[in-house]
Amino acid sequence: MTEQIIERPALPKRPFNPTSVWLSGWLALIWLIIFDLELSFETLLYGVQDIFEYFSRYSRPNFEDLSRYVELLGQTLATALWGSTLAIVVAVLLAPFAARNLSPNAVTYRIARELLNFMRAMPDLLLALIFVAALGLGPLPGALALGVHTAGFLGKFFAESLERVDNGIYEAVTATGASRIQLVMYAGWPSIQREALGYMLYIFDRNVRMAAVLGLVGAGGIGLALHDTLRMFNYDQSAALIVVILATILTIDYLSTWIRGKLN
Amino acid sequence: MSNSKLCWPTPNGRPGLVPTLSLLACILLLVISAPALELDLGRIVTAIPRMLAFAGNLLVLPDWEYLPILAKNILQTIEMTFLATSIALVISLPLGILAAKNTSPHPAVFHATRNLLSLMRALPELVWALVFVSAVGLGPLPGIMALSFVTVGFMGKFFAESIEVVDQRQVEGVVAQGASWLQLRTFAHFPQAFPDFVGTVMYVLDHNLRAAAILGLVGAGGIGYDLVMAMRMFDYDRLLPIALSIYIVVTLLDRASDHFRMRMI
């Protein structure tokens, strides 16, 4: 009897798991960056004690000037509110042109998209610097800068939402003989109102945070006071300012979460 | 029914009560806050010639000798962004697991982590950068620390939210294999939330790049310092290349992240 040898088909090769390659590439890149930036984490380690000592200077907030802080805070909130309003107005006007399915033609679509893109790409602090140079110090240039920068974000969000709307809704309204403006007014905006409100809240939230630091470039608000106190090493007052800013931002955070919960 | 051509899309053709009231409240708020803003139309109108003059000043040939330094500083900005995002990613993954309702070991831990994360993201990067610059000195290190600190707050929250919406049946399937606490999180929750994680990381990278571009304002490294100095010194031949390069880098990352997100989801 001859032994029968059964030839088994070879097992398929174990699939290659690329995770390790990605991970090692990532680590190598990080090492290169640390090397290139000449970061020395040793100083950080040796300096831990110094850092704790430094932070302990903030432990006695001094609220003597609270009334002035509240006034500055009001200015900051006003800046954020006006900036957001400007952004909403500009975005509402631009978004239909930047939505592929509502734009009258391909050229307007491209132009509107690039315009929004450009507004988004310019950091708001840079815009604030430019507006301060043109308009002088004060919260007004800050509001303008916030408005221009966030209009880019808001316009993009709106346009993307308008593109996601079910095409049937647009067709139904077009079938009644609606003009392009009517199409936007009766099919576009009503379909995305919830989303749009959510985006507006997000933008307002973000603008309050940014308005708090716009003072650094002379655009008014509480940021300038913080900058000055830090420069003068008045840690007690800086701590009080940080507490005031923190409390405001957390309050607005909770408020917007609450409103968003109501919307859904 | 009203016969007018343009009417509100409501049954009776009139605007609804709640939207009208909210709109009125908003307008009232705007009017009240106008004095605080020192709003003055005349000022804006008189500023237009100055804006035009400023724009005219920008139209000069760039300072060619400055371009290599510009490239170096832009590279530094990108490196800061990448490093800060990586550090934040490593820290916020475990925090995200602790801050998700369905993977947190205990409700107390869940609430504590959630509150910690919202405290971390409450203040903008620039405030932290100011503080860290005072603590560890000038350079990219305080910038990276500030960026990672704030980003952990954002990423941890986003991660937690995407972990909370995973499909419970797949988790039960892994439980039935006798998976331990950690194995459950690694093999049931993590793979499901992974596409969301990628989206979050891309968003945060984008956000950090924009933030890193201005951190130099307070001496925390990156291109921002050159930008402010060019503004202050009226070096218009440097200003335009700086602004242009920021625009290009931000746009490129924007496009890349759009492309990446489309592929992942």
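Tutor: Residues are numbered from 1 along each chain as its sequence is written, and chains are lettered from A in the order in which they are written. In this predicted model, local features need pLDDT of at least 70, side-chain atom pairs count only at pLDDT 80 or more, and totals for chains, interfaces and linings use all residues.

Student: How many helices and strands does chain A have?

Tutor: Eleven helices and zero strands. Helices are DSSP runs of H or I with at least four residues, strands are E runs of at least two, and numbering starts at the N terminus.

Student: Why are α7(A) and α9(A) called roughly antiparallel?

Tutor: Helix α7 (residues 139-164) and helix α9 (residues 180-214) of chain A cross at roughly 150°, and their axes come within 9 Å. Axes are lines fitted to C-alpha atoms, for helices over the stretch in contact, and angles run from 0 to 180 degrees between N-to-C directions. Angles under 35 degrees count as roughly parallel, over 145 as roughly antiparallel, 65 to 115 as roughly perpendicular, the rest as oblique. Therefore α7(A) and α9(A) are roughly antiparallel.

Student: Which residues make that contact?

Tutor: Among them are A:L146, A:F153 and A:F157 of α7(A), and A:I192, A:Y199 and A:I203 of α9(A). Contact requires C-beta atoms, placed from the backbone, within 7 Å.

Student: What are the classes of the residues in the contact of α7(A) with α9(A)?

Tutor: They divide into 13 nonpolar, five polar and two charged. Ala, Val, Leu, Ile, Met, Phe, Trp, Tyr, Cys and Pro count as nonpolar; Asp, Glu, Lys and Arg as charged; the others, Gly among them, as polar.

Student: What makes A:M185 partly exposed?

Tutor: A:M185 sits in helix α9 of chain A. It has 17 other C-beta atoms within 10 Å. Buried needs 20 or more, exposed 12 or fewer, and partly exposed lies in between, with C-beta atoms placed from the backbone. So A:M185 is partly exposed.

Student: How does the radius of gyration of chain A stand against a compact globule?

Tutor: Chain A has 27 Å, but a compact globule of 264 residues would have a radius near 18 Å. The radius is taken over C-alpha atoms, and the globule rule is 2.2 Å times the number of residues to the power 0.38. The C-alpha atoms fill a box of roughly 105 × 70 × 35 Å along the principal axes.

Student: What share of chain A counts as buried?

Tutor: Of its 264 residues, 42%.

Definitions and conventions: Contact = placed C-beta atoms within 7 Å.
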